[in-house]
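The sequence and structure are shown below.

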Amino acid sequence: MFTEEEKKALYKVIYKRRDIRTFQPTPIPEESIYNLLNAAHHAPSVGFMQPWNFIMITSQAVKERLAWAADKERRALAIHYEEQEAKQSHFLNLKIEGIKESPLTICVTCDPTRGGSHVLGRNSIPETDQLSTACAIQNMWLAACVEGLALGWVSFYKKQDVRDILEIPPHIDPVALLTIGYTDEYPDKPILETSKWEDRKKLNPLIYKNKWGENESL
Ligand SMILES: Cc1cc2nc3c(=O)[nH]c(=O)nc-3n(C[C@H](O)[C@H](O)[C@H](O)COP(=O)(O)O)c2cc1C
């Protein structure tokens with residue numbers, strides 16, 4: 001079904017994709033934006049409920065307000081490292097968003113009411129609607145990578161702040177703010193790895209056999 005070359009291309013984009021927080025102001029061609037949105041829209045979703053919407057934000061004034069909400073949250077979260085001064089300053093020095101610089105921010109939302117009260121499969125695990133939205137975001141992230149675009153997932157915000165700024169109704173969840181644009185810096189490793197915040201864990205110890213905790217090397 002797929003040639004060796006096509007398989008290689010898929011794994012290449014999976015390993016190459018990065019979370020990016022620095023952007024050039026260069027505008028993004030409409031065709032690339034459409035490709036990203038259409039990739040997102042072809043993600044799997046529980047009961048095929050397709051709970052997503054995409055709010056396209058290009059207004060600098062709106063971006064300033066979203067950046068304010070993210071920065072407020074960043075400062076609030078710094079309190080978790082209050083007793084470790086070095087860790088706190090490391091945290092505060094991390095760049096966790098690039099909302100003001102990126103030419104486009106997309107707020108991806110999830111509507112838990114879409115499809116009514118009996119969405120196939122969602123009755124057992126209600127958060128499958130959010131998981132479906134995350135699948136859409138991952139599709140968009142991979143599509144951005146092949147379009148030569150950088151994407152950064154911003155989740156530092158209070159949902160209510162984002163609802164207020166974007167006039168989102170109270171039952172709709174703003175799942176993510178995605179900052180998108182061209183960049184000069186597309187590193188090989190996660191920024192949190194190179195800035196010595198966290199390393200990639202080894203895969204083998206995460207794999208269990210037949211029951212939780214039973215580990216055998218593959
Ligand atoms: C659900 C989710 C929320 C995230 N929120 C943020 C965020 O608010 N700010 C940020 O800088 N990165 C955020 N990230 C990006 C992660 O930090 C990043 O994916 C991780 O460090 C691994 O790096 P990589 O994506 O380049 O492989 C988020 C990623 C996910 C999946």
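## Strand pairing

Cysteine 110 stands opposite aspartate 173 in strand 4. The model is predicted: local features need pLDDT of at least 70 and side-chain atom pairs pLDDT 80 or more, while totals for chains, interfaces and linings use all residues. Residues are numbered from 1 along each chain as its sequence is written, and side-chain values use heavy atoms, without hydrogens and water.

Strand 4 pairs with strand 2 (residues 104-110) in the antiparallel sense over 7 bridges. Strand 3 is also antiparallel to strand 4, over 5 bridges, and tryptophan 153 stands opposite leucine 178 in strand 4. Pairing here requires at least two DSSP bridges between the strands; strands (E, at least two residues) and helices (H or I, at least four) are DSSP runs numbered from the N terminus. Strand 4 (residues 173-181) is largely enclosed by the rest of the structure, because 9 of its 9 residues are buried. Buried means under 20% relative accessible area, exposed over 50%, and partly exposed in between (1.4 Å probe, protein chains only).

## Pockets

The largest pocket has a volume of about 460 Å³ and is lined by 19 residues, of which Asp19, Arg21, Trp141, Pro190 and Leu192 lie nearest its centre. Helix 1 (4-16), strand 3 (150-154) and helix 7 (191-194) each contribute at least two lining residues. The lining comprises 13 nonpolar, 1 polar and 5 charged residues. A pocket is an open set of points on a 1 Å grid over the protein atoms alone, where a 1.4 Å probe fits, with protein on both sides within 12 Å along at least five of seven lines; lining residues have an atom within 4 Å of a point. Volume is the space filled by probe spheres set on the points.

The second largest pocket holds about 160 Å³. Its lining includes Ile20, Arg21, Asn93 and Glu185, and by class has 4 nonpolar, 2 polar and 3 charged residues.

## Cysteines

The structure holds 0 disulfides (pairs of cysteine sulfur atoms within 2.5 Å). For cysteine 107, the nearest cysteine sulfur, that of cysteine 110, is 11 Å away. Cysteine 107 is buried, at 0% relative accessible area. Cysteine 135 is likewise in no disulfide and, at 31% relative accessibility, counts as partly exposed.

## Recorded domain

An unreviewed UniProt entry places the feature "domain: Nitroreductase" at residues 14-182. Over residues 14-182 the chain is 41% helix and 16% strand, with the end C-alpha atoms 19 Å apart.

Terms used
Ala, Val, Leu, Ile, Met, Phe, Trp, Tyr, Cys and Pro count as nonpolar, Asp, Glu, Lys and Arg as charged, and the others, Gly among them, as polar. UniProt positions are given in the numbering used here, feature names are shortened, and annotations may be inferred rather than shown by experiment.
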